[in-house]
Amino acid sequence: MGYRLTLENMNKLIVQLQKNSEVYAPKVFEGEGTFSDTDRIRYGKINKIEEIEFDKKSDFSYKEVLLPITQVLFFFTEDKVKEAEVEEKNLVKRIDDIYLRNGFVDPYYKKIREKTKFIVFGCEKSFENCFCVDMGTNKTDEYDCYIKVDGNEVLLDVKDKEIEELVKIFAEEDINVIPEFVEKNEVKVNIPENLDLSVMDSKMWDEYSQRCIACGRCNFVCPTCTCFTMQDVIYRDNGKVGERRRVWASCQVDGYTDMAGGHSFRRAKGERMRYKVLHKVYDYKKKWGYHMCVGCGRCDDICPEYISFSNCINKLEKAMDEVK
């Protein structure tokens with residue numbers, strides 16, 4: 001159902017939502033960019049519609065709302081274990097695959113995910129390095145609410161009954177709202193239909209052994225990278241008491257594949273790049289029927305060595321021909 005609200009009434013709606021929920025959206029964090037006089041756009045709590053950044057791509061994805069960078073799982077003593085409380089807040093698809101449909105349901109993620117509601121908005125234009133159209137992720141009908149700000153008005157297409165009951169209180173009128181999404185990107189990618197593992201033997205990966213510095217930034221901004229490691233923290237005042245945390249991890253950094261006995265896989269950075277690329281556009285699709293990469297281009301945006309994931313994808317077809 002579609003509704004039209006004034007900006008003032010939209011802010012009243014946000015206040016109502018905040019009574020039982022936390023509302024997150026991309027917003028500008030002033031002075032928190034790479035340098036002291038630059039800003040950063042990432043997801044944070046908002047109190048009014050004017051705080052939302054609609055016109056620029058966020059530097060980080062929404063992932064850190066659902067998957068905290070550091071999350072305490074449980075506390076332990078000598079003889080007891082107490083599970084950490086998860087904040088009850090009403091906050092996918094690919095993260096859901098990993099944490100809910102991959103042969104095991106992660107209880108910590110599930111608690112947050114069950115309370116989550118997604119409000120989407122379309123991009124007015126394609127941003128730099130985006131290739132979502134070729135990845136088939138530029139539009140969706142899987143949302144609880146769609147929002148568009150048009151001057152001093154807010155247009156909503158609401159699917160969730162709980163949200164709709166609140167919207168009705170503040171709506172000016174019922175209207176037909178058709179979601180608008182970006183239709184083309186400057187960046188194009190070509191994933192070979194016949195892509196197979198012979199491409200692993202290509203020399204194209206050697207380039208990345210020279211260029212990549214193994215910082216892992218590409219993984220941390222990616223909305224579909226979900227790997228983590230475990231840390232046990234022992235309290236200083238009592239060595240028999242502590243907590244277990246899970247912390248984001250990166251398949252690109254040194255030590256990620258370390259095993260007992262000093263063994264380690266994918267020591268060369270090019271091998272790590274190969275693993276990441278083929279996971280995103282080959283084996284994930286083999287299992288789920290669609291690619292893991294959504295074409296947001298954040299990995300290209302943040303790489304200090306200007307490594308382009310889209311360029312890497314476009315090299316695959318030629319690389320296959322070379323090895324055959």
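1. Basis. Residues are numbered from 1 along each chain as its sequence is written, and side-chain values use heavy atoms, with hydrogens and water left out. The model is predicted: local features need pLDDT of at least 70, side-chain atom pairs count only at pLDDT 80 or more, and totals for chains, interfaces and linings use all residues.

2. Strand E11. Strands here are DSSP runs (E, at least two residues), numbered from the N terminus. E11 spans residues 242-248, and five of its seven residues are buried (under 20% relative accessible area, 1.4 Å probe, protein chains only).

3. Partners of E11. Two strands pair if DSSP finds at least two bridges between them. Strand E4 (residues 70-76) runs antiparallel to E11, with six bridges. There, Val 72 has Arg 245 as its bridge partner. Strand E10 (residues 228-234) is also antiparallel to E11, over seven bridges. Asp 232 stands opposite Arg 244 of E11.

4. Strand E7. E7 (residues 145-150) pairs with strand E6 (residues 119-120) in the parallel sense, over two bridges. Val 120 is the bridge partner of Tyr 146 in E7. With strand E8 (residues 153-158), E7 pairs in the antiparallel sense over six bridges. Cys 145 faces Val 158 in E8.

5. The E7-E8 hairpin. Two residues lie between the strands. Gly 151 takes a positive phi near 65 degrees.

6. Glu 30. This residue sits in the loop between strand E2 (24-29) and strand E3 (40-45). Glu 30 counts as exposed because its relative accessibility is 69%, and the cut-off for exposed is over 50%.

Methods:
Helix = DSSP H or I, 4+ residues; strand = E, 2+ residues; numbered from the N terminus.
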